[in-house]
Amino acid sequence: MNFQKILGFALMALVLGTSSVVAQTARLQVIHNAADPAADSVDVYLNGTLLLNNFAFRTATPFIDAPAGVLLNIGIAPKTSASASDTIKNFQVTLTAGEKYVAIANGVLTPASFAVNPDGRDRAFTLFIKTAAKEASTGGNVEFSVLHGSTDAPTVDVAARGVATLVNNAAYGDITPYIAVPPSSYRLDVKDATGTVTVATFDANLSGLANGAAIVFASGFLTPSTNQNGPAFGIYAALPNGTVVPFTPVTTARLQVIHNAADPGAASVDVYLNGSKLLDNFAFRAATPFIDAPANQVINVGVAGGTSTSANDTLKNFALNLLAGETYVAIANGVLTPASFAVNPDGRDRAFTLFIKTAAKEASVGGNVEFSVLHGSTDAPTVDVVARGVATLVNNAAYGDITPYIAVPPAAYTLDVKDSSATTTVVSFTADLSGLANGAAIVFASGFLNPTANQGGPAFGLFAALPNGTVVQFPSAATSVTELSDAVPSAFVLGQNYPNPFNPSTNINYMLAVAGMVNLKVYDLLGREVATLVQAQQQPGSYTVNFDAANLTSGVYLYSLETENFKSVKRMVLMK
């Protein structure tokens, strides 16, 4: 015989004794939600006789048949009680035959020893009664009623994210009517009375409760330290069979940080989170992988010079409030002293800041690659970006604009950056996305069109940050280009080969500021020349050269660009 039947028979026997009169009954469930540590487990007496022994906090009985039409005296006593004379609180109830009830024990035994309720609600130990309770639903839905049962919590809303507000302006002790929703998994945001600030988030998996019902109850203390270190706040669901299910708290968001501030004074920075160093010597055009970051609270992100000794050295501070369970990319951009740098052609603010991409992605589906594009070059005008022969990917993006995600098949693309008229291609890049099926990226324009007007800062380029923190440069796709500033490159640049590592070929791009003799050669680690890629007189411009290493063995190689005025060496990795 199961517990439900035993409890029902016990109730009937306690009230009716051995009478043969057919009794009227109601259906009753009891939930223990009194967070007072002194009531972590209680004994429950019915009309002077022990009914529930050591009834624990956050447990529930199943629905049972309870006597109706007669006065019931329910006594709550400590778990060490010897008899009904030890009861702390007594409640008298009369149930109506054929009705269904949920009785929820709540509150604290000595209110003066606990934090006050922000709305002035009475916190004394009591029974909250839900009438017209339900043991099941219909039509395939799940139906639930919500109790605000946290004594020190203010009035709140509860919203199913992306669906609807389920609870509006509920204060302690309020019990909502039943709410019907399709059986599914929901993310529940507990919001303040304004409905705008999320203070807690929970995942509620109701997918297996078709035609079911539940009592959902907020439980515990928001601030345990001011409530005798009682249990912390949570949300639970009591099912009709007595099972109590906790909703999973979601306390973090996913965050990636990209350093795209081209100011030479911020070439390497330290990043502090709430006063503690998070990133040491974080380099320009570097990215973190996605990490778990504190959510539903204001966090302070401080950026300091690479030689900082503490958070007191921060140059800029930003207050962020990330929504639990969401995914973000924060891109450090701009310059520290705008007056010392070239103006933005569209009048956009160039001050050092964080651009935030919300609803960011760590992966894609359906075999595609998804990427969002940031215009992050402070001295560049409004542009379009066109995948040659495919489609316009970015339309009229000015500095600071971040596009929605764009989904494309994994392949190699030529990206033409066009002026705002969309008729003139001013620079082109090769973007090899062929290895990124089901992947995602943040593509960002970076650096200065005119480095000489920007304290000799890094030259313009196009880069992609992958979710694992890898940053790749898109090489120039043309042998010469018209720069966005309508000028030849103002600096010599040797770019990082792409892809890297590679097998068996890779592209090397470089920029020449003046005409001259150019030597581009490849060496092994012993300094032996293994290939001459360019040995010719060339005009100013941007160039890309393909290097085929099919005849070489795996390993690290060096490539060198040398002119009369410039020499640079970089490493690349051949991995067969």
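1. Start with the strands: β27 (369–374), β28 (383–387), β29 (391–397), β31 (412–419) and β33 (440–446) each give at least two residues to the lining of the largest cavity. Strands here are DSSP runs of E, at least two residues long, numbered from the N terminus. Keep in mind that this is a predicted model, where local features need pLDDT of at least 70, side-chain atom pairs count only at pLDDT 80 or more, and totals for chains, interfaces and linings use all residues. Residues are numbered from 1 along each chain as its sequence is written, and side-chain values use heavy atoms, leaving out hydrogens and water.

2. That largest cavity has a volume of about 180 Å³. Among its 19 lining residues, Val373, Val383, Val385, Ala445 and Leu462 come closest to the centre. A cavity is a set of points on a 1 Å grid over the protein atoms alone where a 1.4 Å probe fits but cannot get out, and lining residues have an atom within 4 Å of a point. The lining splits into 16 nonpolar, 2 polar and 1 charged.

3. Now the second largest cavity, which holds about 160 Å³ of space. Of its 17 lining residues, Val257, Val271, Val301, Val303 and Leu354 sit closest to the centre. The largest share of this lining, 4 residues, is from β20.

4. Last, have a look at Ser310, in the loop between β23 (298–305) and β24 (314–321). Ser310 counts as partly exposed because its relative accessibility is 25%, and that class lies between buried (under 20%) and exposed (over 50%), using a 1.4 Å probe and protein chains only.

Note on methods:
1 Å grid on protein atoms, 1.4 Å probe; cavity = no way out; pocket = protein on both sides within 12 Å on 5 of 7 lines; lining within 4 Å. Points joined across faces, edges and corners; volume = space filled by probe spheres on them. Nonpolar A, V, L, I, M, F, W, Y, C, P; charged D, E, K, R; others polar.
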